[in-house]
Each structure stands twice: as structure tokens, then as C-alpha cells.
Amino acid sequence: MYTRPERRLLPDPTAESSAFWTGGRDGQLLIHRCRACGRWFHPPAPVCFRCRSLDVGPEPASGRGRVAAFTINRQPWIPGFPPPYAVAMIELADEPDVRLVSNVVDVPVQEMHIGMAVEVFFEQWEDVWLPLFRPATGDAR
Amino acid sequence: MRRVAVVGAGMTAFGEHFGLGIKDLLPMAVSEMAASVDKGLDRADIQAAWFGELTTTDGFPAGILADSCGLLDIPVTRVENACATGNDAVRNATYAVGSGAFDVALVVGADKVRESSARGTFWEWAGLTRDMAWDYPLGLVAPANFALHVARYLHESPATREHMAMVAVKNHRHALPNPKAQLRFEITVEQALNAPVVVAPFGLYDCTPQSDGAAALLLVSEDAVDRYTDHPVWVRGVGLGLDRVMHQHKRDMTTFPPTVKASKAAYAMAGIGPEDVDVAEVHDCFTGVELISYEDLGFADRFMAYKLIEDGVTAIGGAKPVNPSGGLKAKGHPPGATGVAQCVELFEQLRGEAANQVDGARIGLAHNVGGPTAVSAVTVLSNQRD
């Protein structure tokens, strides 16, 4: 069972990124979406990189996805964040082109696999709600 | 554009140079380069310099090069393009000489990863190659970045960790006769497979060491080449390619598009194809990256890289030797110097003077990918002008 590490290095939310980092307060994974072309993109930016529209903003995504790739960190790279832990690229169910880098927890590292269905949960540190993932319960798609 | 030739090449040994700063390594590499110029080099002949350095461990790079090498009367430009810095410095100098602006240009690359002047240097380095806000807090350290790509590559292709181990074994063996290499010892596939895991699927021997070092080249125009040598090595092609810095929208993890773009540009300029390359120095920062690069450079069809390493094609004695110097894996990887040092190796290969000579090599290719996988630079060299 996952226990939060002693310490996490935290991002410094900006005007663009604060929705992403604080959406967890309301249990929402907020991902930027373009209202002109309808496509999701990440990280958040003031302009859609696909169609150049300025009409963009955060919207709640399903929080479900699949592991597109992962690695297991076996060395103590970051003080207070003991290995082993899984760093994964999560392909969002809402838009497979959007891939979040996060940790997948609550699963033994040897059982991690590409294609695994996962869902988001949030871990609060000060004014940041880190979106982390764990194996999905029920049907992933 | 005028033709451009390499007429001198030299480098320091790569390794842990705790006692030497960038300002010490630079003149060492430049002196060795000057000594390799067949008909001699008067320092006053050098008209401009391009200096590839990723971090500034001794202070302002262009000034340090001018100062430490006695080049105070020429323009010096610092080039920084992540791990593609070295071959991008070669590219910039090639354009300057090719354009007619200069006849004689110096290209230098240097870095100190084993820098001991500041405790935090390695972490500052890390910040240069990744987005601190998005990925790093979750443990996406530099090796993990490449590990995600290689994990997906192993998932989709027939390649296995054993094939990665074979790359490590080959490059360690190639480094043995190279006096400039950092890791001059042989390893076995079993050792590589049983080594401690760094970030899966990379064990210790899948990773480049951290290195300090410098390398230098002298580039001259076709009009000036006879003053320096009767055995020039021609810069036949250069190329640079980019991709998204972050992983979020990279749909295909099993290829590095910057390498594909950079090599296509370099092949087109050289008027050759991948089949014409006799020897290559490929960016094997991690063993799996060498495999993926076989495909991106056109040496192998998609997902067929494992066959090249299995069949010994890329070993010395094979049809297309890769990393005869030992590569980043065993020669070492001080990023700014890495690409320049690849060209030093090819200069020697194409003149038949290399420590680990590839018989009859006529065309060589040098390749960097970095940032972490967002930029690539490729240089094609040949002992034949056309």
C-alpha cells in the first residue's frame, strides 16, 4: 500500500499551470482544452499549439488512462523520495495524444506493465495537489 | 557553398579530471589538434572559433576559450544545443567557412560533468535538460527520460535487455585500445544484465559514465586546405533536427524524430544514403538509444536494430562498425565535447590512423541526440571530396 514520501519537490504554479496543480482540491484533473478545435493539450499554454486559437482553458478530464511507458527508479535520486518507485507516462482516455508524466502507486513495481488501466488521485502538499495514478477500479474504458 | 575540410583534430582523455578546469582542458585539446596538422599550424592563422559547452563551470565560455588559448584577436562564439552541442558547433563553423567569411576556423567542445567546484552543479545540469516544473518532481530524472522511450521500444520491438547488454559489451571492447577512453575494461553480457538497476530497463552498464574533457578540430576552406595537409577529411554534410521537448505529445516513443530529420539533412547535403556509411559514432548515452538510433539513422529497418547487434554488424570487423572509439558508453560523455570528439575519432578513422581502425573507411557519420530527446545533430565526413 502506498504511503506518501517524507518530502516531494514541488512545482511553483504559474498563471497557466495553477488549474492543473490545484484541480485536485475539488477532485478534478484539469487539462487545457482548445474550444476552437476541441482538442486537449498539455502542459497548459495561452495558445493552442495545433490551431493557434487563443480560446483555450482548463476543463475536467476523466482522470482515466493507460500506461504508455514506465520506468522504475531504483536509485535515491531525490532526497526524501525513496526508491523503488514507478515513473510512468499516462495516455489519457480523453485524448490519447495527451500523455502525463506521473507516478503510478498502489501496485507492486514488478506488476507494472504497458497498457495498464489507471486512474488519477491527488496528493496535497501545501497549495499543490499532485495528480498521481493508481490501478483503475472497474472498467477503464 | 565552398567545400570545407577538417585538417587537424585532437582531444584530452575523457575521465575524471578533478584537478583541471575548463580553462586547462581547452588549451590541452587545442595543442593536440595543432600537433596533428600535417604541415603545421600557426595559431595566428585561426580566424574565428566556435565553442560548444553546455554548462559554464569556469565562467563565460567564449572569453575562457579566447583567454586560455591565446585567441584574443578573433571572434569566438559559444554554441549550446543540449547534448547535440558538439556536432552543432561543427555545423556552425562549417557554414562560416563554406560561406567564404573565413578560411580557417577552430571548433572546440568541452564540459566538466565531474565538476567539484559547487555541490549543486549536477542538479543544475539536470535543470538544463528537463522541465523542472512538470516532470522532475515526480522522478523523471535524465536517465528516466530515456528509460521511458527504451521501455516502450522493448515492448514494441523484438529487442530485449540482452541486446542492450550486447551494445555495452561491444562498446567496452572497442574502448580497450583507445588511450582517450574513460572505461577501458571488458565486460560480459552476464555482468551487464546482473548489474544494479539504475532506472529500469537500464542497469549500470547501460549508462554512460560522467566525464570531463575537451576536443578540438581545425576546419579550413577548399582554398586553404593545401597549406595544411595532403590528407584532408571533408565535411560532406551537416544537419540539425528538433522535436517537442516534453513527452506529453510524443505519440511514438520508439523513435527520435530529431535524428531522422538531422540525418536526412546531412545525407542530402552529402549526396549519400545510410548504406554508404562505413563507420559511425552514434550517441549511445544509454545502450537502448544506440539501438533506436540504428533505425533512425537508416542503418536498420524499423524494429530490426537487434539483428545488427546480434549479428556483429556494428562491431569492428562487421559491415558497419558503430562507436569504434568506445562511444559515449565507454569513451565517456562530457556533452559539449562529445560531438567534437566523435569527429576527432572519424578524422583518424578516415585517415587510417585510428587506435581501433576500421579497414578502408571512406565515409563516417557522427550523431548526437539530446535535450533530452528534442534535438539531434549529424555530421557526415569523408576522405573523398566528392
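Trainee: How many residues does the contact take from chain A and from chain B?

Mentor: In this predicted model, the contact takes 37 residues from chain A and 29 residues from chain B.

Trainee: What area is buried between chain A and chain B?

Mentor: The size of an interface is often given as the accessible area lost when the parts come together. Here, about 2,900 Å² is buried between chain A and chain B, with carbon and sulfur atoms giving 66% of that area. Within chain A, the residues that lose the most area to chain B are A:Trp77, A:Arg99 and A:Val101, which together account for 23% of what that side buries.

Trainee: Which residue forms a salt bridge with B:Arg251?

Mentor: That residue is A:Asp97, and the closest N and O atoms of the pair are 3.8 Å apart. The rule finds 1 salt bridge across the interface of chain A and chain B. It also finds 9 residue pairs in polar contact across this interface, both residues being at pLDDT 80 or more.

Trainee: Which element gives the most to the side of chain A that touches chain B?

Mentor: Strand β4(A) does, with 6 residues. By class, that side of chain A has 25 nonpolar, 7 polar and 5 charged residues.

Trainee: At what angle do the axes of helices α6 and α9 of chain B cross?

Mentor: The axes of α6 (residues 161-175) and α9 (residues 287-296) of chain B come within 8 Å and cross at roughly 100°. Angles of 65 to 115 degrees count as roughly perpendicular, so α6(B) and α9(B) are roughly perpendicular to each other. Among the residues making the contact are B:His163 and B:Met164 of α6(B), and B:Leu291 and B:Tyr294 of α9(B). The contact of these helices has 5 nonpolar, 4 polar and 2 charged residues.

Conventions. Residues numbered from 1 in each chain as written. Chains lettered and ligands numbered in written order. Predicted model: local features only at pLDDT ≥ 70, side-chain atom pairs only at ≥ 80, totals over all residues. Heavy atoms only, no water. Axes fitted to C-alpha atoms, helices over the stretch in contact; angles between N-to-C directions. Helix = DSSP H or I, 4+ residues; strand = E, 2+ residues; numbered from the N terminus. Parallel < 35°, antiparallel > 145°, perpendicular 65-115°, else oblique. Contact = heavy atoms within 4.5 Å. Nonpolar A, V, L, I, M, F, W, Y, C, P; charged D, E, K, R; others polar. Buried area = accessible area lost by both parts, 1.4 Å probe. Salt bridge = Lys/Arg side-chain N within 4 Å of Asp/Glu carboxyl O. Polar contact = N/O pair within 3.5 Å; in protein donor to acceptor, adjacent residues only side chain to side chain.
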